[in-house]
Amino acid sequence: MPGPTLPGIEQPMNDILAQLGSVLEARKNAPSDGSYVAGLYAKGLDGILKKVGEEAAELIIAAKNEPAQQIVHETADLWFHTLVLLAARGLGPQAVLDE
């Protein structure tokens, strides 16, 4: 059974996450000067963890002090960088969905 869809997007979220997971995997072997994600991978796990921490802190601050759109923006950043972290550890979005 396909997962839920987003308003205005006919493709199930699970499919979108799987596609993003595939792109993140492909970026592991890309030159770091041509890809933001490859640059994160080049910094290693500690660099990725630092970025996830920064994004989490930005979301906390936005949730306390900023309008809704900024909260959404910071949430998207945190979700994205968390997906990079999963890929760096050899996991994909499906591991979280299965949980």
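These are my notebook entries on a predicted model of a protein chain.

**Entry 1: the overall build**

I started with the secondary structure. I counted five helices and zero strands in the protein chain. Reading from the N terminus, I get the element order α-α-α-α-α. Next I looked up burial: 25% of the 99 residues count as buried.

**Entry 2: α3 against α4**

Then I went to one helix pair. I have α3 at residues 44-65 and α4 at residues 68-88, packed at an angle of about 160° with the axes 9 Å apart. Angles over 145 degrees count as roughly antiparallel, so I wrote down α3 as roughly antiparallel to α4. I logged the crossing of α3 past α4 as left-handed.

Which residues of α3 meet α4? On the α3 side I listed L45, I48, L49, K51, V52, E55, A56, E58, L59, A62 and A63. Facing them in α4 are Q70, I71, E74, T75, D77, L78, H81, T82, V84, L85 and A88. Sorted by class, this contact has 13 nonpolar, four polar and five charged residues.

**Entry 3: E55**

Is E55 buried or exposed? I read 3% relative accessibility for E55, so I put this residue down as buried. Leaving out neighbours within four places in sequence, I see E55 in contact with E74, D77, L78 and H81. I checked those partners against my helix-pair list, and E74, D77, L78 and H81 are among the α4 residues that meet α3.

**Entry 4: A38**

My last stop was A38, which I placed in helix α2, residues 36-42. I have A38 at 4% relative accessibility, and the cut-off for buried is under 20%, so A38 counts as buried. What does A38 touch, once residues up to four places away in sequence are set aside? I noted R27, A30, P31 and S32. I also took one C-alpha distance here: A38 and E25 are 13 residues apart along the chain, and I get 9.6 Å between their C-alpha atoms.

Methods
Residues numbered from 1 in each chain as written. Predicted model: local features only at pLDDT ≥ 70, side-chain atom pairs only at ≥ 80, totals over all residues. Heavy atoms only, no water. Axes fitted to C-alpha atoms, helices over the stretch in contact; angles between N-to-C directions. Helix = DSSP H or I, 4+ residues; strand = E, 2+ residues; numbered from the N terminus. Parallel < 35°, antiparallel > 145°, perpendicular 65-115°, else oblique. Left-handed = near helix turned anticlockwise from the far one by under 90°. Contact = heavy atoms within 4.5 Å. Nonpolar A, V, L, I, M, F, W, Y, C, P; charged D, E, K, R; others polar. Buried < 20%, exposed > 50% of the residue type's maximum accessible area, 1.4 Å probe, protein only.
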